[in-house]
Amino acid sequence: MIIQKNKNISHYLTLRNNVIAELFFEAKSREDLIAAKKYSLDNRLDIFILGGGSNLAVLKSRMDGLVVKNSYVDLKVIDGNEKEVKMSVSSGFPISLLIARSIQNGWSGFEYHQGLPGTVGGAVYMNSKWTKPLTYFGDNLVYAFLIDSKGREKKVGKSYFEFDYDHSILQKTKEILLEGVFILKKDSKEEIMKRAKFAFDYRRKTQPYGIASSGCFFKNYQGRSAGYMIDKAGLKGFSVGNYFVSPIHANFIINKGEGKREDLIELIHIIKNKVRDKFGVTLEEEVIII
Ligand code: EPU
């Protein structure tokens, strides 16, 4: 295992927070992921698995322990018939590549996630969603292989994940996804592409793109859009230092570059207070806060 020390991982985080990982390792296979977990157990280190780094806000200047960049990229078709296909997809597999493969092959099930950054591991951990119509990333999962807290491999069925809005059990257990096995329906490439394009265009029209952010920052509250509430609290475009609320979609916090952690912390605080004052709602972060 090649472990780097004191590595600046800002480049791996879409919000570009400036943060140093005490120890850093890039895992390129399932064996690498298992070895990393064992290393953390043997050396009593915290371990953090980094997927696409797109749903994280690191408020610390330093992450102690081992940060593992998940670059385990593999997709295998296991079974299929004229109606559906069963496949194993590794946790480090990029969502963009998964959608591209789905469109090429006429596999339906993931197309509404077109435009979602990140990896399969992150999308399962978060149970990433699309709201038009409501579809969750976990919907098509049938079973999966995990690394448990003792570093052992474990096979679990879909119900184990307790998938819900922005929720999977992995957020509690901190088990590490190795591969998910999904069943997708076969459909015409044109139909799949049409749905993918609809989601992509909607995202491009209503959300900021190609800019340092971590996606929607807060969870919606009982079906009420956090973005709508932040907007109506008058915060679109509001900034603290180099962090600001997107003028396009108010649930996106943007880093203009070199944003300071204290400024991000203050901006989060102001957003929560203003929304509480106006709507009586306490926003909860959707991104993982470290
Ligand atoms: N709206 C505003 N101002 C804003 C943002 C939204 O008035 O600044 C209004 C819109 O005009 C619309 C309503 O609020 O009438 C809902 O907005 P939108 O369709 O953008 O949906 P959302 O509830 O704000 C959710 C997800 C997004 C996902 C979209 C589309 C959450 C927290 N957000 O946003 O997910 O892309 O639906 O499916 O659930 C993410 O997970 O990172 C994310 C961005």
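Leu-116 is found in the loop between strand E8 (107-108) and helix H3 (120-126). The model is predicted. In it, Leu-116 has a relative accessible area of 17% and is therefore buried, since buried means under 20%. Not counting residues up to four places away in sequence, Leu-116 touches Ile-95, Ser-128 and Arg-203. Leu-59 is 57 residues away from Leu-116 in sequence, and the two C-alpha atoms are 23 Å apart in space.

**Nonpolar cores**

The largest nonpolar core has 30 residues, and among these Val-120, Val-124, Phe-137 and Phe-161 touch the most other members. Two or more residues of this core come from each of strand E7 (84-90), helix H2 (95-105), helix H3 (120-126), strand E11 (141-147), strand E13 (176-186) and helix H5 (189-206). Helix H3 gives the largest share, five residues.

Which residues are in contact with Phe-161, leaving aside its neighbours within four places in sequence? They are Val-124, Leu-141, Ala-144, Leu-146, Val-156, Ser-168, Ile-169, Leu-170 and Leu-177.

**Ser-88**

Strand E7 also holds Ser-88. Is Ser-88 buried or exposed? Its relative accessibility is 15%, so Ser-88 counts as buried, the limit being under 20%. Leaving aside neighbours within four places in sequence, Ser-88 is in contact with Asp-74, Leu-75, Lys-76 and Ile-78, and also with Glu-179, Gly-180 and Val-181.

**Ligand surroundings**

There are 21 residues around the ligand, and Thr-131, Tyr-165, Tyr-202, Cys-216 and Asp-231 come nearest. By class, this shell has eight nonpolar, eight polar and five charged residues. Strand E9 (129-131), strand E14 (213-216) and helix H6 (226-232) each supply at least two residues of the shell.

| Residue | Ligand atom | Distance |
|---|---|---|
| Tyr-202 | oxygen | 2.4 Å |
| Asn-220 | oxygen | 2.8 Å |
| Asp-231 | nitrogen | 2.7 Å |

How much of the ligand's accessible area does the protein cover? On its own the ligand has 830 Å² of accessible area, and the protein covers 80% of this. Two of the residues in the table, Tyr-202 and Asp-231, are also among those that come nearest to the ligand.

Notes. Residues numbered from 1 in each chain as written. Predicted model: local features only at pLDDT ≥ 70, side-chain atom pairs only at ≥ 80, totals over all residues. Heavy atoms only, no water. Core = buried A, V, L, I, M, F, W, Y, C linked by side-chain atoms within 4.5 Å. Buried < 20%, exposed > 50% of the residue type's maximum accessible area, 1.4 Å probe, protein only. Helix = DSSP H or I, 4+ residues; strand = E, 2+ residues; numbered from the N terminus. Contact = heavy atoms within 4.5 Å. Near = heavy atom within 4 Å. Polar contact = N/O pair within 3.5 Å; in protein donor to acceptor, adjacent residues only side chain to side chain. Areas by Shrake-Rupley, 256 points an atom, 1.4 Å probe, with all protein chains shown as cover. Nonpolar A, V, L, I, M, F, W, Y, C, P; charged D, E, K, R; others polar.
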